[in-house]
Structure formats: structure tokens, C-alpha cells
Amino acid sequence: MHVIVNKADLELDGEKEVEGASLAEKVYEFGDPTEDVAKAGEEYAKNMVVLKVEGDIIIEEGVTLTSCKSAEGYGGPKGMTIYCEGTIENRGTISMTARGAKAVGENVYLWKNKDGSYEYVPKEGAAGGEEFIAYTSSKVPGKKGSDGTLRQTGGGGSGALRIDEDQNYGGASARR
């Protein structure tokens, strides 16, 4: 985990440099792109970035707060948490678009607790909506995926299907 601590109010105006962040075109990227992100297919993201502000956060209009990213396009850290002891006044944007960590085939560990256990998102999500069999000309709604349990993401739906005279339409498959 990479913790960036600001011991006062933090004003992001798009002009002032801020310790722990790089600034380009009014975008503040928090974290260290050499340490916190995945490396060219060789290793996964190692750290979650935590921005702790012991005061207020003010994000001015036209300014973006986000996490760092890999220059090679492999995503960002294993997540970002903003812990603000004061208030957040957001006139700009807080964005995590295209900052996902490369963590294929692994649990994504987010936070180490004081007792040594971890908060995490498991690699396996819940089951998606099951395939179904349709025998008549009809409209068939999609099937809901399973709810996630024990931190799993929820399973996706199967998609809907319309069967009309031997023609299948929609996002699921059917057998006659």
C-alpha cells in the first residue's frame, strides 16, 4: 500500500504542484507510476494508493483528481482510496476511468488490516445467468446472474432472447 499524507488543506487548482502527485493539463495523478502500477506483462500492480488529507480537499472547476497509470497502458494501482478528515468540495472531477489494475488470475488485495488479514475482491465472481431452452415462438426475458457473496462481484445476466420462426435474436443462445 502506498500512503500519501497531506497534513493540511489540499487545494487542487490545476497550477500548483502537490507532493505525491504529478500534474499535467490540470490533471493530478496520485501515486508513483514506477512502483504502484503493472509492468509490461511481467508483474501485476503491487499497491493500492491511499490519499490521506488531514484537512479539507478543494478541487477547482476544470481540474481532475485521479490515480497514476502505467505509461505502457497496463492500468493503475490496485485501487485508490481518498481519506479526508475534513470536507471535500468538488467543483471538478474525481475519476478512475481507465485506471484498473492488471491483476489477472489473482485476488485483488486492497487493504491490510491491523490483525494482518486483507480486504480483497476475489478472482472468481458469482455465476452468471444460465443458458435456457426455448421451444415456442415467444419473447424470453434474460436470466439474472447470482448475487455476489463474500466480496464477490455479482454475476452478469444472460441477455434476452426473441425466437421467431427459426430465427434467434438477442444476447443468449437457444436450442430447439
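The questions and answers below concern surface features and salt bridges in a predicted model.

Reader: How many salt bridges does a search of the whole structure find?
Author: A salt bridge is counted where a side-chain nitrogen of Lys or Arg lies within 4 Å of a carboxyl oxygen of Asp or Glu. For the whole structure, the search gives a total of eight.

Reader: How many residues apart in sequence are the parts that the pair K52 and E85 ties together?
Author: The salt bridge between K52 and E85 has its closest N and O atoms 3.9 Å apart. K52 belongs to strand β5 (residues 49-53), whereas E85 sits in the loop between β8 (80-84) and β9 (88-90), so the parts that this pair ties together are separated in sequence by 33 residues.

Reader: Which residues are linked with K52 in a network of salt bridges?
Author: K52 pairs with E54, the closest N and O atoms being 3.7 Å apart, and K52 also forms a salt bridge with E85. The network that includes K52 links it with K7, E54 and E85.

Reader: Which residues make the nonpolar surface patch of about 250 Å²?
Author: V3 is found in strand β1 (residues 2-6) and, at 43% relative accessibility, counts as partly exposed. The patch is made by V3 together with M1 and V5.

Terms used: Residues are numbered from 1 along each chain as its sequence is written. This is a predicted model: local features need pLDDT of at least 70, side-chain atom pairs count only at pLDDT 80 or more; totals for chains, interfaces and linings use all residues. Side-chain values use heavy atoms; hydrogens and water are left out. Patches are made of residues with over 30% relative accessible area and no salt bridge: like charges are joined within 9 Å, nonpolar side chains (Val, Leu, Ile, Met, Phe, Trp, Tyr) within 5 Å. Accessible areas come from the Shrake-Rupley method with a 1.4 Å probe; for residues, only the protein chains shown count as cover. Helices (H or I, at least four residues) and strands (E, at least two) are DSSP runs, numbered from the N terminus. Buried means under 20% relative accessible area, exposed over 50%, partly exposed in between (1.4 Å probe, protein chains only).
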